[in-house]
Amino acid sequence: MAAIETRSLTKRFGSLHAVRDLDLRVERGEVFGFLGPNGAGKSTTINVLLDFVRRTSGDVSVLGYDPEEDPRAVRQRIGVLPEAAGFYDRDTARDHLRFATEMKRATDDPGDLLERVGIADAADRPVGGFSKGMRKRLGLAIALVGDPDLLVLDEPLGGLDPSGVSLVREIVREERDRGAAVFFSSHIMDQVETVCDRVGIMHRGELAAVGAVESLRADTETPAEFTLAVESAPDGVERELAALDGVDDATARDGTLRVVCTDPSVKADVVSRVDDAGATVVDIDNETPSLEQVFRAVTDGTNA
Ligand SMILES: Nc1ncnc2c1ncn2[C@@H]1O[C@H](COP(=O)(O)OP(=O)(O)OP(=O)(O)O)[C@@H](O)[C@H]1O
């Protein structure tokens, strides 16, 4: 049984298709990054999975349950970190975790969970004085209560400092290794590509691409980027290269020329131009497209 499965899932708000004909499958023990620009339909999909919003049509299964028919069964088995989690400002972090543990009839020790997310020192402080990043960490601790079979994390990296970001990545890996599925949405590409087994890229309510990051890189026509090491870059050669058809950008620095092509076949032309300009190319280094570039290619760099 899949952790999440949707078939032809559609959600309309009036005449606006927030999600259209979405077929999605997330396996148990898988980290799935749900990506897309603002307004692409990520939160709406998550809200349907959690039965916060009713779908217009299509089928949805979360851990084998239809969230519309069995919302309690679904909520009992999943851990959720909402994009903007609400807290009781006068209650402490420990109070929040005690409550969450009781609600789930779990046996977790609040202190251990706070230790795990790095805010054990603040366990007995009222949450009203917590920073944005501390609130995010507390929200994550609450999501972890009861060793859920599925973690749904909506923008878990927003508001976190670099150590917070690596902590979230570490926890996501640990949860996956325990056998949980992790489904998280983000628009911060470079921070998710190292942690996801697969990603799905939403665009205008539809799944524009889905697969392992490596296969998306191979399948997507992303601009090719490469660096030429030259003995000496003649003045102005980068401007000449940038003017070539199929070249997007060219910059010269410290004996290297970095060239971004929209058409990879222009590479030979670039090398011969550099030769003609009197420089000797000593090395060519091809760079793998980043997930950010795949994302831009799939969404045309546009918002929904
Ligand atoms: N309650 C609502 N009523 C009307 N339109 C809505 C509602 N919720 C979402 N939408 C619209 O549905 C579309 C998808 O929005 P959604 O919030 O799912 O996008 P998102 O991918 O989560 O974006 P973001 O990254 O900005 O959170 C948008 O055009 C949005 O304006």
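Why is helix α1 (residues 42-49) largely enclosed by the rest of the structure? The reason is that 7 of its 8 residues are buried, where buried means that 20 or more other C-beta atoms, placed from the backbone, lie within 10 Å of a residue's own. Those buried residues are Lys 42, Ser 43, Thr 44, Thr 45, Ile 46, Val 48 and Leu 49, and after α1 comes Asp 51, whose phi is positive, near 60 degrees. Helices here are DSSP runs of H or I with at least four residues, strands are runs of E with at least two, and both are numbered from the N terminus.

Please keep in mind that this is a predicted model, in which local features need pLDDT of at least 70 and side-chain atom pairs count only at pLDDT 80 or more, while totals for chains, interfaces and linings use all residues. Residues are numbered from 1 along each chain as its sequence is written. The protein chain averages a pLDDT (the predictor's confidence in each residue, from 0 to 100) of 88, and 95% of the residues score at least 70.

Finally, the axes of helix α3 (residues 93-103) and helix α5 (residues 132-144) come within 9 Å and cross at roughly 25 degrees. That makes α3 roughly parallel to α5, a description used for angles under 35 degrees.

Methods
A residue is buried if 20 or more other C-beta atoms lie within 10 Å of its own, exposed if 12 or fewer, and partly exposed in between; C-beta atoms are placed from the backbone. Axes are lines fitted to C-alpha atoms, for helices over the stretch in contact, and angles run from 0 to 180 degrees between N-to-C directions. Angles under 35 degrees count as roughly parallel, over 145 as roughly antiparallel, 65 to 115 as roughly perpendicular and the rest as oblique.
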